[in-house]
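The following exercises are to be worked through with the sequence and the three-dimensional structure at hand. Each task is followed by a solution in steps.

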Amino acid sequence: MMQYKKATIGLAMLSGLTALSAIAEPMQYNIDADHTSVVASWEHFGFSHPTATFDDASGVITFDDENPQASSISVTLPVATVDSYVEKLTEEFLGKDYFNTDAYPDATFKSTKVVATGDNSFEVHGDLTIKGTTKQVMFEATLNKQGEHPMTKKQAIGFDAHTTIMRSDFGVDKYVPNVSDEVMLRITTEAQAK
């Protein structure tokens, strides 16, 4: 009888550990392009700070609650979706003096390291590729919410993130320094479990 009890307790503990390990596994989410926006802003001759948006992002966020450094993100952004809200400038952005989208249609970001800096804040380090050039950048990211999406009933996650890059690092340097070399990138994204 004692051996039976020990075996039962052992099986219960094993089952509990298995359940815990399943809970602790990282979850993968597909980026929702309809609820993701990328906004670039810069200084224009010191007078204003115009913006341009990019759409149709795709990619995967892997998030590990228990072990944030095991998290990762991979994103592809079609640069030809750029909209500066000024038709002539948007056309220029597509050309060789700027993004040269015929030759380099996509920008990508692939994380190399995630560091938790607070309860819901992270440093996301990785490789940003624009116009065929790859540079290391660091995004400061905030976890907005994680849980079941009320419409799709799937597990979902949402982040805001920002960083500042030097556009000349990526061969996009027309009018520097009169139009600022520094460009702030701001991203908000939702993603849903696969």
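**Exercise 1. Identify which residues gather in a patch of negative charge on the surface, and describe the place of Asp34.**

Step 1. The model is predicted, so local features need pLDDT of at least 70 and side-chain atom pairs count only at pLDDT 80 or more, while totals for chains, interfaces and linings use all residues. Residues are numbered from 1 along each chain as its sequence is written, and side-chain values use heavy atoms, with hydrogens and water left out.

Step 2. The rule must be stated. A patch is made of residues with over 30% relative accessible area and no salt bridge, like charges being joined within 9 Å and nonpolar side chains (Val, Leu, Ile, Met, Phe, Trp, Tyr) within 5 Å. Asp and Glu count as negative, Lys and Arg as positive, and His and the chain ends are not counted. The place of a charge is taken as CG of Asp, CD of Glu, NZ of Lys or CZ of Arg. Accessible areas come from the Shrake-Rupley method with a 1.4 Å probe, and for residues only the protein chains shown count as cover.

Step 3. The residues that gather in the negative patch are Asp34, Asp55, Asp56 and Asp83.

Step 4. Asp34 lies in the loop between strand E1 (27-31) and strand E2 (37-41). Helices (H or I, at least four residues) and strands (E, at least two) are DSSP runs, numbered from the N terminus.

Step 5. Asp34 counts as exposed because its relative accessibility is 70%; buried means under 20% relative accessible area, exposed over 50%, and partly exposed in between (1.4 Å probe, protein chains only).

**Exercise 2. State how many helices and strands the protein has, and in what order the elements run.**

Step 1. The secondary structure comes to two helices and 10 strands.

Step 2. Read from the N terminus, the order is α-β-β-β-β-β-α-β-β-β-β-β.

Step 3. The protein has 194 residues, of which 35% count as buried.

**Exercise 3. Determine how many aromatic pairs the structure holds, and classify the pairs Phe93 with Tyr98 and Phe122 with Phe159.**

Step 1. Rings of Phe, Tyr and Trp (its six-membered ring) pair if their centres lie within 6.5 Å; planes under 30 degrees apart count as stacked, over 60 as edge-to-face and the rest as tilted. The structure holds eight such pairs.

Step 2. The ring centres of Phe93 and Tyr98 are 5.0 Å apart and the planes stand at 70 degrees, so this pair is edge-to-face. Both Phe93 and Tyr98 are buried.

Step 3. For Phe122 and Phe159 the centres are 6.4 Å apart and the planes are at 70 degrees, so this pair is also edge-to-face. The pair links distant parts of the chain, since Phe122 is in strand E7 (residues 121-130) and Phe159 in strand E9 (residues 155-166), 37 residues apart.

Step 4. Phe122 counts as buried because its relative accessibility is 6%. Phe159, at 11%, counts as buried as well.

Step 5. Ring pairs also link Trp42, Phe54, Phe93, Tyr98 and Phe99 into a cluster.

**Exercise 4. Find which residue forms a salt bridge with Asp97, and locate both partners.**

Step 1. A salt bridge is a side-chain nitrogen of Lys or Arg within 4 Å of a carboxyl oxygen of Asp or Glu. By this rule the count is one.

Step 2. The partner of Asp97 is Lys174, with the closest N and O atoms 3.2 Å apart. This pair, too, links distant parts of the chain: Asp97 is in the loop between helix H2 (87-94) and strand E6 (106-116), and Lys174 is in the loop between E9 and strand E10 (182-193), 77 residues apart.

Step 3. Asp97 counts as partly exposed because its relative accessibility is 47%. Lys174 counts as partly exposed at 24%.

**Exercise 5. Examine the backbone at Pro177, Tyr175 and Tyr85.**

Step 1. Val176 and Pro177 are joined by a cis peptide bond, with omega about 5 degrees. Pro177 is in the loop between E9 and E10.

Step 2. Tyr175 is placed in the loop between E9 and E10. Although Tyr175 is not a glycine, its phi is positive, about 70 degrees. With a relative accessible area of 44%, Tyr175 is partly exposed.

Step 3. Tyr85 lies in the loop between strand E5 (72-78) and H2. Its phi is near 70 degrees, a positive value in a residue other than glycine. At 55% relative accessibility, Tyr85 counts as exposed.
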